Amino acid sequence: MKFFLDTANLDEIRRGIQMGLVDGVTTNPTLISKEGREFWELVSEICRMVDGPVSLEVTALEAEGMIKEARELAKIGENVVVKIPMTEEGIKAVKRLEAEGVKTNVTLVFSPLQALIAAKAGASYVSPFIGRLDDISTEGMRLVEDILTIFSNYDIFTQVIVASVRHPMHVLEAALLGADIVTMPFRVMEQLFRHPLTDIGLERFLKDWEKVPKRGLG
Ligand code: G3P
């Protein structure tokens with residue numbers, strides 16, 4: 001399973017890359033707005049840093065406007081994937097963009113049938129939003145399970161990006177289901193490393209190591 005970072009923060013991306021865990025990056029207008037930077041400068045820098053797909057979202061509501069924006073975004077780098085909202089206009093745009101070789105990621109997916117529609121339009125990726133479903137007392141991970149079943153029933157190659165991830169359990173459940181990708185906030189990526197027994201075990205090893213007579217090592 002690939003790990004993407006869901007952030008537009010350069011420091012987080014740099015630290016994730018240093019961990020060796022970043023297979024790609026996803027952004028959205030909310031994440032971009034947090035950075036207070038000029039848009040084109042910021043996203044160009046992200047695309048240069050990341051050795052993997054970088055999702056950048058369009059903001060037009062009509063297909064023509066989305067296609068125009070997508071073509072501009074695609075010029076930033078070969079790793080750009082254009083994020084398109086799951087609407088009728090969005091799906092029209094996906095079909096045309098994929099036909100001309102621009103990769104798309106259909107975002108704001110909340111039902112298995114929306115994911116099927118996106119796949120039928122030829123989307124490279126779909127992004128089901130798990131945490132936002134959990135927020136309204138609906139089991140988000142069930143959506144991932146249904147999408148994976150449907151895609152496997154029909155040998156669909158559209159990759160599933162588990163998005164709106166809030167905690168490590170989402171990552172674990174996605175991996176158990178066989179999702180292609182999880183995109184997570186940097187905070188969650190850091191949490192994946194942690195286990196209290198690892199800390200306790202390390203502390204004990206170091207204490208015991210102090211008791212060992214050693215030449216020259218102090
Ligand atoms: O990038 C899309 C998605 O991951 C947003 O997550 O936490 O705003 O629901 P969240």
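The dialogue below turns to the ligand and then to the pocket.

Analyst: This is a predicted model, in which local features need pLDDT of at least 70 and side-chain atom pairs count only at pLDDT 80 or more, while totals for chains, interfaces and linings use all residues. Residues are numbered from 1 along each chain as its sequence is written, and side-chain values use heavy atoms, with hydrogens and water left out.

User: Which residues surround the ligand?

Analyst: A residue is near a molecule if one of its heavy atoms lies within 4 Å of it. Here the ligand is surrounded by Asp6, Asn28, Lys83, Phe129, Arg132, Ala163, Ser164 and Arg166. By class, this shell has 2 nonpolar, 2 polar and 4 charged residues.

User: Which side chains have a polar atom at 2.6 Å from an oxygen atom of the ligand?

Analyst: A polar contact is a pair of N or O atoms within 3.5 Å. A polar side-chain atom of arginine 132 lies 2.6 Å from a ligand oxygen, and an N or O atom in the side chain of arginine 166 is also 2.6 Å from an oxygen of the ligand. For asparagine 28, the distance from a polar side-chain atom to a ligand oxygen is 3.1 Å.

User: What is the volume of the largest pocket?

Analyst: Rolling a probe the size of a water molecule over the atoms shows where empty space is left. The largest pocket has a volume of about 400 Å³, and the ligand takes up this space. Its lining comprises 23 residues, with Asp6, Asn28, Leu31, Lys34 and Pro185 nearest the centre.

Notes: Polar contact = N/O pair within 3.5 Å; in protein donor to acceptor, adjacent residues only side chain to side chain. 1 Å grid on protein atoms, 1.4 Å probe; cavity = no way out; pocket = protein on both sides within 12 Å on 5 of 7 lines; lining within 4 Å. Sits in = over half its atoms within 2 Å of the grid points. Nonpolar A, V, L, I, M, F, W, Y, C, P; charged D, E, K, R; others polar. Points joined across faces, edges and corners; volume = space filled by probe spheres on them.
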